Amino acid sequence: MSVVPARLRALALCALVVPLAAFGQAWPTKPVRLISPFAAGGGTDAFARPLAQVLSQNLGHQFIVDNRPGAGGTVGADIAAKSAPDGYTFVVGAVHHTIAVSVYSKLPYDLERDLVPVTMVAMVPSVVVVHPKVPIQTVAELIAYAKANPNKLNGASAGNGTSHHLTLELFKVKTGVQINHIPYKGAGPAMQDLLAGQVDLMFDGMGTSSPQIKGGRLRPLAVTTLTRATGFPDIPTLQEAGVAGIDVTTWYALWAPAGTPPEIVSRMQQEVAKALASPLLKDIWAQNAATAGGNPPAEFGAFVKTEIARWAEVAKASGARID
């Protein structure tokens, strides 16, 4: 009598496991949406769009980048968090989302509860860039000019609570200067105004600034990492320029709505890793001084926890708070 129920239980278990595994392998069967929570033309787009192109080619279904800017990237993240967890919506988030946890007094979603980590996409140095009209050639000259002209310089960012914003605030704390913060709905619009000379400087991710630096349209002063950027050996670090205590890397990554089947999350991570190994993406990432991601979800999730804690300390030191 006891043998039959045991066999039935085993059959029932197999009936559950096999379809789930097959479900992950069959995915996708229709277009997949990649929410980019910033305006088009910024650092997120610089990596999301070529990644979407290669994923579309490899998987035979369109991966569509859907720009949903606003509130330092939190509007798009909220849309993703409230989307159906069916494997057809992901968000190409960034370091900014781990900052928002501490900087925003109230968020409409919980990063660790409502979104699940998939994988890192790219890590790039941040760089201090100024418009050529600004009479500044070095970090030392930037500090001297800002001290002699309090609040005359305007620093752009991709929005309140982004790494551009917090790095500017940290720079102000470390150097004692006063620079106006001008938030935008993404690095793209901020870059447009910087190139037009409407703002003076930006602590930007290399993904947006590298083509402008190479084209001579912006003047780089320093990178915010502790080592010089690959492909830009002549740009000093902030530490080399005399400003210690700042080590900022801009990174971009994928999350899925909580409840997305783990088989699909795992499959997406594997497909992203495969795409990042393609010659096309290797070349694009190298042009932007980027390090490719592709790490497993658990590893990326652990990294997110450390970033939330690290940026909480920066937010506290700078006093940055958004109500």
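Is Trp-27 buried or exposed? I noted that this is a predicted model, in which local features need pLDDT of at least 70 and side-chain atom pairs count only at pLDDT 80 or more, while totals for chains, interfaces and linings use all residues. Residues are numbered from 1 along each chain as its sequence is written, and side-chain values use heavy atoms, with hydrogens and water left out.

I found that Trp-27 has 2% relative accessibility and so counts as buried (buried means under 20% relative accessible area, exposed over 50%, partly exposed in between, with a 1.4 Å probe and protein chains only). Phe-90, at 0%, counts as buried too.

Next I looked up ring pairs, where rings of Phe, Tyr and Trp (its six-membered ring) pair if their centres lie within 6.5 Å, and planes under 30 degrees apart count as stacked, over 60 as edge-to-face and the rest as tilted. By this rule I have nine aromatic pairs.

Trp-251 is buried at 0% relative accessibility, and Phe-300 is buried at 0%. Trp-251 and Phe-300 also belong to one aromatic cluster with Trp-255 and Phe-303.
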